[in-house]
Amino acid sequence: MSGGVDSSTVAAMLRAEGHNVIGLTMQLWNQRRLAGHEGMPEQVTGRCCSIDDVYDARRVAEHIGIPYYVVNHEERFEHDVVRPFVAEYLSGRTPIPCSLCNNHLKFDQLLVVAQQIGAECVATGHYARVEYDDTRGRWLLRRPADRSKDQTYFLFGLTQEQLSRTLFPLGGMTKPEVRERAREHGLALAEKPDSQEICFVPGGDYKRFIDAYLAESGESLPDTAGELVTANGEVIGEHVGIHNFTVGQRKGLGVATGSPLYVIQINGADKQVVVGSDEHLYSRTLRAHRVNLIAIHDLREPMRVSVKIRHRHEAAPALLEKTAADEVLVTFDQPQRAITPGQAAVFYDGDIVVGGGWII
Amino acid sequence: MMRRIYLDNNATTPVLPEVLEAMRPYFGEHFGNASSIHHHGQETRAAVERARDSVAALLGCRASEIVFTSGGTEGDNLAISGLTGEGDHIITSSIEHHAVLHACKHLEEMGCEVTYLPVDGCSLVDPDDVRRALRPNTKLISIMMANNETGVLQPVEEIGKIAAEADVYFHTDAVQAAAKVRIDVKQIGCDALAISGHKIHAPQGVGALYVRKGTQLQPLFYGGQHERSRRAGTENVPGIVGLGKAAELALRGFERGDDNTMSALRDRLQQGILAQVEDSAVNGQNAPRVPNTASIYFDHVEGESMVISLDLKGLAVSTGAACSSGAIEPSHVLIAMGLRADRARASIRFSLGKQNTAEDVDFALALVPEAVARLRELSPAYKRQAVGS
């Protein structure tokens with residue numbers, strides 16, 4: 001229970017259906033930790049695990065009459081989510097902390113806690129569907145009824161074991177329906193706005209966050225400054241550090257040219273940021289590793305799928321082929337814009353999540 | 001209705017029926033402001049002063065040396081910031097309650113120097129460390145009497161002697177010692193001693209600070225001349241009456257030997273658990289402890305899951321300290337006494353109150369071993385160890 005509408009409504013619905021529900025909130029990050037640090041706002045502005053959200057979750061639990069506990073997973077969150085998030089940016093990639101949090105915290109640590117305290121399943125407010133397919137003998141992850149809220153992109157890492165103990169009660173509902181249900185259950189937070197940003201990065205300014213985080217840990221920001229080069233290798237300027245860039249970025253390049261320039265590639269090893277025109281951003285292939293397959297046991301032969309390369313990307317038709325034990329090649333029918341290392345490539349067969357991997 | 005047994009009395013205690021009865025008239029019938037000169041004020045003034053006598057009797061001091069406060073945190077803050085100023089040096093320990101630690105941290109920011117003494121494996125402060133930490137500008141020593149997590153009693157009398165020899169103030173946070181062990185401020189040789197109402201079966205929101213006669217104390221609040229100008233603000237009369245009654249009952253309890261009964265009950269719990277659960281041990285077992293507390297670690301058990309599991313079955317115990325969200329933070333006390341981080345997380349505090357009975361202890365003994373066994377079964381580390389051995 002995050003203290004938001006979705007998880008609160010899930011708790012209320014399951015309780016109304018007669019389930020024995022225990023409310024849990026994961027304390028993942030101390031918002032006060034970096035407040036006032038190195039250009040961070042003095043006031044606590046981030047949403048993750050804020051006192052207000054915990055207060056809201058607690059009020060919901062009390063309102064619907066379920067036991068409620070806050071469980072502390074700050075250490076694991078820092079180790080498995082925050083540190084990799086910082087390290088990825090510093091090596092020129094663009095990370096997705098939400099997937100890491102799902103894989104390592106919400107559907108790992110939280111499932112362990114659930115099992116320890118005697119719960120059979122963990123239910124969350126994610127917009128996705130999970131169901132068992134008898135013919136395949138596998139648990140399937142499917143896109144939700146409300147496509148605009150689809151969160152399957154962040155859930156591609158779930159294992160069969162995790163899916164078997166997970167409930168997504170909102171999978172068949174739209175957001176307006178969820179709010180309506182929240183009102184029916186008399187939840188005071190039915191109109192609470194959705195959270196958008198990365199929960200532990202106040203105001204979405206990840207650069208300031210990285211500076212403040214490293215300063216607080218007593219580490220200095222590694223020098224990742226280097227050259228700004230064109231696709232032909234021509235040096236056209238300098239940049240202050242590769243973590244300030246992401247593929248497809250246009251603003252903040254610090255060079256003035258006639259035609260618009262975009263970041264088309266970041267070479268972490270030699271600290272180069274490669275820029276080019278919009279057409280340079282398009283590519284037909286990507287490679288992904290650390291692959292997790294959900295709908296199938298193994299990828300023995302090439303498979304037609306549609307592939308999403310970022311959360312807000314329209315899944316595009318492609319051919320999926322296995323190239324190594326833990327690596328795949330995706331060849332799109334049409335070139336795709338700004339394929340970004342560090343993001344996930346998630347493979348769909350209709351609304352079924354076949355699996356996914358991390359773009360190299 | 002689920003049977004619920006409460007073994008978390010170091011967090012707070014239920015108000016005893018006699019205490020509630022004593023307080024009741026002061027919510028309605030006797031409502032006067034104790035500073036008023038009329039009949040109504042005289043009535044409540046008399047009640048406040050009777051309570052002051054009772055608290056003084058519990059601590060072995062004069063009534064005029066008692067300042068009523070809002071609780072332990074206020075008493076500790078009043079003593080620590082009231083006895084020190086910029087440039088002064090304070091000696092305290094690393095296992096104090098946050099009321100002391102955070103007050104000291106604040107004073108550090110305000111220009112005081114603070115030494116945080118380490119503790120040994122039983123969470124004991126070494127009096128020689130206190131002596132060695134003395135500096136020419138040392139103004140105050142603040143060492144707790146009993147620790148809230150382990151129940152271990154500090155050598156306060158020895159520390160009191162050191163303070164007297166060095167002519168520095170000695171404050172002790174006695175919140176977890178009061179009503180559990182006999183307290184005599186003269187024997188301890190302290191200049192200030194804080195207690196809290198709700199830890200001794202009085203209500204939350206009231207406490208008392210003993211301040212030795214003649215001690216100059218800067219107040220925390222400015223206002224009227226209440227409490228001999230040491231604590232401004234209209235007295236919390238019902239709370240103070242409750243604290244007085246609880247003090248009276250505690251003193252009577254010592255005469256009956258309640259502390260021995262309590263330690264027998266605690267030992268029954270502790271031994272019952274240790275006998276049934278392997279790879280468990282008591283934190284601070286070899287040190288003198290208050291009679292109601294047992295902090296026990298269970299290897300390969302996540303304390304947080306244990307507390308939740310037991311609560312869902314009706315047994316209230318605790319682990320670590322709750323942070324503002326209610327999540328559990330690793331105990332600074334257990335870490336300071338050198339306990340491995342995993343054992344600190346695997347530690348559960350059982351603390352008894354006057355209301356607890358042998359049946360309550362047996363209820364716990366029926367639940368705890370089973371809960372530990374289940375949690376260990378789900379612990380990957382425990383399985384590895386079991387295969388290895």
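## Close-up views of a predicted two-chain model

Figure 1. Once the neighbours within four places in sequence are set aside, A:V275 is in contact with A:L228, A:T230, A:L253, A:L261, A:Y262, A:V263 and A:I264. These contacts belong to a predicted model, which scores ipTM 0.86 and pTM 0.90.

Figure 2. Strand 7, residues 226-230, pairs with strand 8, residues 235-239, in the antiparallel sense over 4 bridges, and within strand 8 the bridge partner of A:L228 is A:G237. The hairpin formed by strand 7 and strand 8 of chain A has 4 residues between the strands, and in this hairpin A:G233 takes a positive phi near 95 degrees. With strand 10, residues 272-276, strand 7 of chain A pairs in the parallel sense over 3 bridges; here the bridge partner of A:T230 is A:V275, and A:T230 is also listed among the contacts of A:V275, as is A:L228.

**Figure 3. Overall build of chain A.** The secondary structure of chain A comes to 7 helices and 16 strands. Its radius of gyration is 22 Å, close to the 21 Å that the globule rule gives for 360 residues, so chain A is as compact as a globular protein of that length. The C-alpha trace of chain A spans about 65 × 55 × 35 Å along its principal axes, and 44% of the 360 residues of chain A count as buried. Of the contacts in chain A between residues at least 6 apart in sequence, 64% join residues at least 24 apart.

**Figure 4. Overall build of chain B.** Chain B contains 15 helices and 14 strands, and its pLDDT averages 95, with 97% of the residues scoring at least 70. For its 389 residues a compact globule would have a radius of gyration near 21 Å, and the 22 Å of chain B agrees with this. Taken along the principal axes, the C-alpha atoms of chain B fill a box of roughly 75 × 55 × 40 Å, while 52% of its 389 residues count as buried. Among contacts in chain B between residues at least 6 apart in sequence, 72% join residues at least 24 apart.

**Figure 5. The contact between the chains, with helix 11 of chain B.** Chain B gives 14 residues to the contact and chain A gives 15 residues. On the side of chain B that touches chain A, helix 11 (303-312) and strand 13 (328-329) each supply at least two residues, and the largest share, 5 residues, comes from helix 11 of chain B. By class, this side of chain B has 6 nonpolar, 5 polar and 3 charged residues. Helix 11 of chain B is largely enclosed by the rest of the structure, because 8 of its 10 residues are buried; these are B:G303, B:E304, B:S305, B:M306, B:V307, B:I308, B:S309 and B:L310. Just after helix 11 of chain B, B:G314 takes a positive phi of about 100 degrees.

**Figure 6. B:I240 in helix 9 of chain B.** B:I240 has its place in helix 9, residues 237-256, of chain B, and it counts as buried because it has 30 C-beta neighbours inside 10 Å. Residues up to four places away in sequence not being counted, B:I240 touches B:V48, B:A51, B:F68, B:V206 and B:E235. B:I240 and B:T69 are 171 residues apart in sequence, whereas their C-alpha atoms are 8.9 Å apart in space.

Figure 7. B:S123, a residue other than glycine, has a positive phi near 70 degrees and lies in the loop between strand 4 (113-117) and helix 5 (127-133) of chain B. With 27 other C-beta atoms within 10 Å, B:S123 is buried. B:R228, although not a glycine, has a positive phi of about 50 degrees, and its place is in helix 8, residues 226-229, of chain B. In contrast to the buried B:S123, B:R228 counts as exposed, with 12 C-beta neighbours inside 10 Å.

Methods
Residues numbered from 1 in each chain as written. Chains lettered and ligands numbered in written order. Predicted model: local features only at pLDDT ≥ 70, side-chain atom pairs only at ≥ 80, totals over all residues. pLDDT = per-residue confidence, 0-100. Contact = placed C-beta atoms within 7 Å. Pairing = 2+ DSSP bridges. Rg over C-alpha atoms; globule rule 2.2 N^0.38 Å. Buried ≥ 20, exposed ≤ 12 C-beta atoms within 10 Å, placed from the backbone. Nonpolar A, V, L, I, M, F, W, Y, C, P; charged D, E, K, R; others polar.
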